[in-house]
Amino acid sequence: MFQEARQTAIERTGGSNLQEAADDPSINELSSSHKKKKKKTKKSKHIRKHKSSSDESSGEGKSDVDSDSEIGPPLPPSFKPSFTSSSSSESFGQSVPKEPESKRLNETDHAGDDDDDEIGPPLPPKLVRSVTGSKTGIETENNGNSKMKTITPSEDEEDDEDDGDTGEENDNPLNKIPTSHEIVFDHGQKTISALALDPSGARLVTGSIDFDVKLWDFAGMDASLKSFRSLRPCECHQIRGLEYSPTGESLLVVAGNAQAKIIDRDGFEVMECVKGDQYLVDQASTKGHTAALNSGCWNPKVKEEFLTCANDSTVRLWDINSKFKHKNIIKTKSTGGRKTIPTACTYSNDGRWVVAGCTDGSIQIWDHNKYAFVNVAMQNKTAHTNGSDITCLRFSYDGSSLASRGSDDTLKLWDIRNFKQPLASNSSLPNAFPMTDCVFSPDDKLLVTGISLRKNEKEGKIVFLDRESLQVVKEMHVSESSTVRILWHPKLNQMVVGCGDGQVKLYYDPDKSHRGAMLCLVKRERKVKQTEIMASQNIITPYALPMFRQGRPTSTKKFEERIRKDPVKSHRPDLPIAGPGTGGRVGAKGATLSQYVAQQIVSRKPDPYEKDPRGAILRHAQDAAENPYWVDPAYKKTQPQTVFRDPDEDKKEEEDEPGPVWKKKKLG
């Protein structure tokens, strides 16, 4: 490179001086030395640096020898370079004294640690390093030798072992069940037939066979645990199912009628499905169900779509934006091609499969990706006993397993990849309700279901079964009646159980659960303010005159406060007098009403006009004539003078006028 630059300069200048300088041997030597220096710098980049007490003298000698050949400013006297390979020392033309092999091994280990892992000042010479996988360490002495040292387990290691034990305990699925605390919601007196929790876990909805649906808000409730709304969405039809949409905005209500309803979070109706024509034989020609509904659920992937099944042997898919006709229809058929009634239906977690359980004991699965649901994708015709209802179908959270609960007292677990034989089965779980639930635990290791009471049994309970074998691993007493509906929210880690006596029980653990029912328990129960409203009919006349306008009804509290401010109305009546009397009141007489009336009768003066009412009126005639007040002043100027006849004149005329002849007195 230097030669090329020199040649370029000569060509550009063309001077003889530069040509002579190029022929000078001193310049050639300078270029060769420059090349050697570049090679030395490249080699020095790969040399490891290490401090050692044995290399102090050699290091100082090296710095003196290399001071002429190195590039840059001289190194400080305290700098002690070390070289791990003989080739690097030979390149500088220096001899390195041999060291003991154990010391070199130790130094290379330290050098590797310092270069790769450690940052900062070097570690102290006496350091005990614990060896991974054993309870021994290597202690380095000043003389360079190393010896093994036994290390006793410390308190930190014991704490780590304890943490490992607790970790094993936490892995046990039974320890994750929230059963330490219980809350009771009183819905009514009839069996709880439907339960629903929204995805966020803020609201609980309960439905019963008494036609009522109640909404409970955990954040708005206090310790009184009262629902904020109660309604009858389907009039006098039993509630069969309730389920929140994946977004939590809408609630699907499935009742004993043929029309499913969608209500919002506050209980107001959003949509009602249309009812089909009962006189059409082909169910595909009808726009909706023609018989009572059995079950329903939302599509987990399409938020506007939901599914219902009914006693008309059909499963229908609906769109929330089209309430006048179903989106698609599926006809359930038995082995011989005849109609069979679906009693339970659900979607898979990814929304691909549509599953229905029928009264002939079969479980039928259709592919949702196909537009026409003519042929089933998978089916098991002998999944449960023929003639028994399948009360619940539930997919696991991993989506590979399907659990089915039947009224033949069985619970079975299926693998949808091999749908011919169940993975496990349990046939000792009594079931007497057409809506008994089964749910998976949030970690997918347990299955939970309710038990129906038989005759003379009084212990209602729920059972926890191992997913692999479906063997009962735990039983929990709930109430004195059957347990029908069960929910286990994965986010809250709280369980809700609906019982046959109308009570809803919620179980939680403050250490394992989150929010939910724990939000309302910290609030004190509000005191009821006994305020009475004046019960009177109030006619509102906003445009009436002020003299005719009625005031608004007020509570008795404000009315009493206003009266207390009035000194006349707030005056206390006088107490009865005991004794001779005080304050001008005579105690001996007039203390009672009868004494007062008798006293007034005795002291009253006789009235001369008592028997002459005409005279009592005419006694005021002279005063009225002299001082007119009512009518006469108005007509004073135009009133004519009254001329009355004297009654004495009438008497005289009667005396003077002879009467008839037959009335004259006969003489003699």
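The model is predicted. The protein contains 13 helices and 31 strands, and 35% of its 668 residues count as buried.

**Overall composition**
- Considering contacts in the protein with a separation of 6 or more, 48% are made by residues 24 or more positions apart.
- The protein has an accessible surface of about 44,000 Å², and carbon and sulfur atoms contribute 51% of that area.

**The sheet formed by E17 to E20**
- An open sheet is built from four strands, arranged in the order E17-E18-E19-E20 with antiparallel pairing.
- Strand E17, covering residues 342-347, and strand E20, covering residues 378-380, are the edge strands, and each of them pairs on one side only.
- From one strand to the next, the twist averages 15°.
- Within this sheet, strand E18 (residues 353-358) is joined to strand E19 (residues 363-367) by five bridges in the antiparallel sense.
- Gly-357 lies opposite Ile-363, a residue of E19.

**Cysteines**
- The structure holds zero disulfides.
- A disulfide is a covalent bond that links the sulfur atoms of two cysteines.
- Cys-234 has a relative accessibility of 4% and therefore counts as buried, since the cut-off for a buried residue is under 20% relative accessible area.
- Cys-273 has a relative accessible area of 2%, so Cys-273 is buried as well.

Notes: Residues are numbered from 1 along each chain as its sequence is written. This is a predicted model: local features need pLDDT of at least 70, side-chain atom pairs count only at pLDDT 80 or more; totals for chains, interfaces and linings use all residues. Side-chain values use heavy atoms; hydrogens and water are left out. Two strands pair if DSSP finds at least two bridges between them. Helices (H or I, at least four residues) and strands (E, at least two) are DSSP runs, numbered from the N terminus. Axes are lines fitted to C-alpha atoms, for helices over the stretch in contact, and angles run from 0 to 180 degrees between N-to-C directions. Buried means under 20% relative accessible area, exposed over 50%, partly exposed in between (1.4 Å probe, protein chains only). Contact means heavy atoms within 4.5 Å. Accessible areas come from the Shrake-Rupley method with a 1.4 Å probe; for residues, only the protein chains shown count as cover. A disulfide is a pair of cysteine sulfur atoms within 2.5 Å.
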